Amino acid sequence: MSSAPSRTPADAGATCAIGADLWFRRDADGTYLVGLTDLAQRRAGTLAHYRGPAAGRLYRAGEPAVSLESEKWVGHLGLPVDGTVVATNPAAEADPRTINQDPYGAGWLYRMRPLEPGSFEARSGAPA
Amino acid sequence: MNFAAQEPSVAREVELPVWRLLDLGRCEPVRAQAFAESVAESVAAGEVPNTLLLAQPASPYLSLGFHQSFAEEIDPSFLERRRVPVIRRVEGGGTTWLDPDQWFYELVYRDEDGGRGGPADLERFLAAPARAARDLGLPVDLRSPSDLVVGDRKISGNAGGDWADAHLLVGGFLGRADHGAMVDLLRLPHPGIRPLLRSLIERWVTSWETETGAMPSWSALRDRLVEAFRALRLFQLRPAPSTPAEEARFRSETVPRHTDPSWRELSPVPRSPGPLIRRLRVAGPHGLLVLSGVVGTGLSVAVVDGPEVRAGYVLDTAPDALPRRVARDSPELETLRDAVRAAPGFD
């Protein structure tokens with residue numbers, strides 16, 4: 001049986017969204033998986049390009065790190081909190097339509113380790 | 001004169017937010033292309049109003065879309081011959097040839113003030129340049145999401161991006177189209193692709209000169225553009241110069257960024273696995289897809305209109321061999337169609 005793409009943050013085990021555009025999920029190793037919400041991917045339209053942040057690099061919150069392009073419009077996004085990027089999703093970079101098709105599953109954007117523990121939760125208002 | 005009829009529009013005009021009209025005139029390529037990035041920082045900080053820039057490049061150059069690969073896109077021998085700069089813009093779209101026979105309009109605005117950013121803003125604002133062209137006698141329409149066309153041929157390309165917490169929309173009219181440069185600048189995986197691409201560009205890209213036999217004066221077009229943007233009734237326009245802070249930031253940040261090889265040659269994003277090795281969009285839904293190992297073991301080309309394959313070609317390994325057209329309704333063409341269905345096309 002094939003599983004349908006997940007459509008809500010809860011499907012990905014996400015604890016919360018940051019604003020309307022990003023969701024995150026804290027994993028047992030203290031890293032956070034970050035993705036685009038279904039609302040944000042719908043608003044963007046079919047994505048043609050995704051360039052993720054550089055793995056291993058420390059970014060400051062808001063510093064341009066991610067770019068997404070649809071219909072000739074490029075959005076440059078910063079990370080929500082200070083931290084080091086652990087991985088960028090190679091499947092989403094290779095075929096950005098994965099983000100449209102499965103935003104809370106195979107279409108995650110990047111994994112990062114925040115500089116300050118609890119900073120994700122503080123940003124979203126969720127309990128740490 | 002009917003003063004009563006004028007009062008409501010005068011009242012509305014007063015309530016509209018004031019945007020700055022910044023006419024850069026004829027200027028060096030990096031200023032024509034990228035001064036808007038410096039403006040974006042001032043707009044985002046609230047130091048200046050939202051801004052409409054107008055510009056004309058004083059000399060030719062190439063502009064890469066933000067996600068384009070310098071190494072894959074640009075033919076190094078073309079750069080050697082023509083000695084033109086390459087500027088990676090922060091907005092989207094493909095590689096473009098820009099020269100003094102083109103005229104630019106660029107909008108820089110904060111979130112909510114003029115739009116929320118994203119493709120919907122293209123449609124909203126492009127009504128103005130379309131109207132300006134029509135006012136000058138050229139029947140231009142918007143082909144969603146981002147092209148202005150005369151009939152079915154593109155005369156204006158447009159793109160957008162978010163930068164420094166502001167939105168940027170950039171576009172321009174082709175006064176004269178240098179079809180040769182548009183083709184020759186591209187690095188292609190086989191020389192047989194060049195004539196196919198040239199025929200498509202000649203079919204789908206037009207210019208003011210082609211349509212009317214002459215180019216309008218920049219001052220006439222500039223005046224019509226300003227009037228047409230005012231006629232959107234979204235903002236007032238007041239001419240004002242750039243600020244010392246914008247000029248200083250342009251010199252200390254924007255120009256160094258655009259002359260830094262690491263920005264120009266940003267490493268390419270990994271390509272999807274599969275037979276598609278190159279997408280060459282010509283205009284709107286029209287373009288070429290280059291595939292490997294689909295028909296035979298070498299390269300093949302699909303001429304596409306959106307998801308539809310209009311024709312197929314097989315490229316011989318001999319570099320001087322002409323492309324062989326695949327027969328209509330042949331199994332080879334069906335094989336090519338199957339491969340294109342699985343690849344991202346030009347919607």
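Tutor: Before we start, a helix axis here is a line fitted to C-alpha atoms over the stretch in contact, and angles run from 0 to 180 degrees between N-to-C directions. Also, this is a predicted model.

Student: Okay! At what angle do helix α2 and helix α10 of chain B pack?

Tutor: Look for residues 29–44 of chain B, which form α2, and residues 244–259, which form α10. Their axes lie 9 Å apart. The angle between them is about 120°.

Student: And what does that make α2(B) relative to α10(B)?

Tutor: Angles of 65 to 115 degrees count as roughly perpendicular and those over 145 as roughly antiparallel. The two helices of chain B pack at about 120°. That is why α2(B) counts, relative to α10(B), as oblique.

Student: Is the crossing of α2(B) and α10(B) left-handed or right-handed?

Tutor: The contact involves residues including B:F35 and B:V39 of α2(B), and B:F250 and B:V255 of α10(B). By class, that contact has 7 nonpolar, 4 polar and 4 charged residues. As for how α2(B) passes α10(B), the crossing is right-handed.

Student: Now the two chains. Which element of chain A gives the largest share of the side that touches chain B?

Tutor: The contact takes 21 residues from chain A and 22 from chain B. Elements of chain A that each supply at least two residues include α1, β4 and β7. The largest share, 4 residues, comes from β7(A).

Student: Which residue of β9(B) does A:W73 stand opposite?

Tutor: β7(A) pairs with strand β9 of chain B, residues 153–163, in the parallel sense over 2 bridges. Opposite A:W73 stands B:G160.

Methods: Residues numbered from 1 in each chain as written. Chains lettered and ligands numbered in written order. Predicted model: local features only at pLDDT ≥ 70, side-chain atom pairs only at ≥ 80, totals over all residues. Parallel < 35°, antiparallel > 145°, perpendicular 65-115°, else oblique. Left-handed = near helix turned anticlockwise from the far one by under 90°. Contact = placed C-beta atoms within 7 Å. Nonpolar A, V, L, I, M, F, W, Y, C, P; charged D, E, K, R; others polar. Pairing = 2+ DSSP bridges.
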